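Subject: Structure handover

Dear colleague,

Here is the structure I said I would pass on.

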Amino acid sequence: MIGRLNHVAIAVPDLEAARALYRDTLGARVSPIVDQPEHGVRTVFVDLPNTKIELLGVLGENSPIAGFLERNPAGGIHHLCYEVEDILAARDRLRAQGARVLGDGEPKIGAHGKPVLFLHPKDFCGTLVELEQA
Ligand code: CO
């Protein structure tokens, strides 16, 4: 059911510094910083030949990554995003198998303008999983 790895998201305490690290030290192509107020994060996308890295910084007071950064002050891998062809079919199949879909279970429009859902890390090997309809 899942397809390509769309991105790996890394939460970071200093987004400017992380962007410079990927651009200058690792020599990667990086996007400008984009505020995503509806998601409580600021993002930088690092373009790799076979996938993307999403650098996530805190935006605002109720950022969903604030707690993660408290537990991981140096930053860390926050989630993996897999592509699916039909996000509602994927959700229904996962629920039927007992997996927990976060929130109200209705897809939201993610950072790339496409519908996304998140799955409970305890059901997926301790990893927060994002599904994106490609
Ligand atoms: Co993501």
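Predicted model: local features only at pLDDT ≥ 70, side-chain atom pairs only at ≥ 80, totals over all residues.

Residues are numbered from 1 along each chain as its sequence is written, and side-chain values use heavy atoms, with hydrogens and water left out.

Metal site

The cobalt ion is held by H7 (NE2), E54 (OE), H79 (NE2) and E130 (OE), at 2.0 to 2.6 Å. Donors here are N, O and S atoms within 2.8 Å of the metal (3.2 Å for Na, K and Ca); water is not among the atoms, so sites may look incomplete. The angles among the four donor atoms run from 85 to 174°, and the site is irregular. For that term, four donors count as tetrahedral if all angles lie between 85 and 135 degrees; four count as square planar and six as octahedral if opposite donors are over 155 degrees apart and all others between 65 and 115; anything else is irregular.

Along the chain the donors are spaced as H-x46-E-x24-H-x50-E. H7 is in strand β1 (residues 5-11) and E130 in strand β9 (residues 129-133), so this pair ties together parts that are 123 residues apart in sequence. Helices (H or I, at least four residues) and strands (E, at least two) are DSSP runs, numbered from the N terminus. H7 is buried at a relative accessible area of 0%, and E130 is buried at 5%. Buried means under 20% relative accessible area, exposed over 50%, and partly exposed in between (1.4 Å probe, protein chains only).

Strands

Strand β5 (residues 52-58) has five of its seven residues buried. β5 pairs with β1 in the parallel sense over five bridges, with H7 opposite K52. On pairing, DSSP must find at least two bridges between two strands. Strand β4 (residues 41-47) pairs with β5 in the antiparallel sense over seven bridges, and R42 has G57 as its bridge partner. Four residues separate β4 and β5 in this hairpin.

Cores

A nonpolar core is a set of buried Ala, Val, Leu, Ile, Met, Phe, Trp, Tyr and Cys residues joined through side-chain atoms within 4.5 Å. The largest has 13 residues, of which I10, V12, Y22, V46, I53 and L55 touch the most other members. β1, α1 (15-25), β4 and β5 each supply at least two residues of this core, and α1 gives the most, with three. A second, separate core of ten residues includes V84, I87, V101 and L131.

V46 lies in β4 and is buried, with a relative accessible area of 0%. Beyond its neighbours within four places in sequence, V46 is in contact (heavy atoms within 4.5 Å) with residues including Y22, A28, I53 and L55.

In helix α3 (residues 87-96), the buried residues are I87, A90, R91 and L94. Viewed down the axis of α3, they fall within an arc of 100°, so they line one face of the helix. The arc is that of the directions from the helix axis to the C-beta atoms. These residues pack against β6 (76-84), β8 (115-119) and β9.

C125 is in the loop between β8 and β9. C125 is not a glycine, yet has a positive phi of about 60°. C125 is exposed, with a relative accessible area of 82%.

Regards
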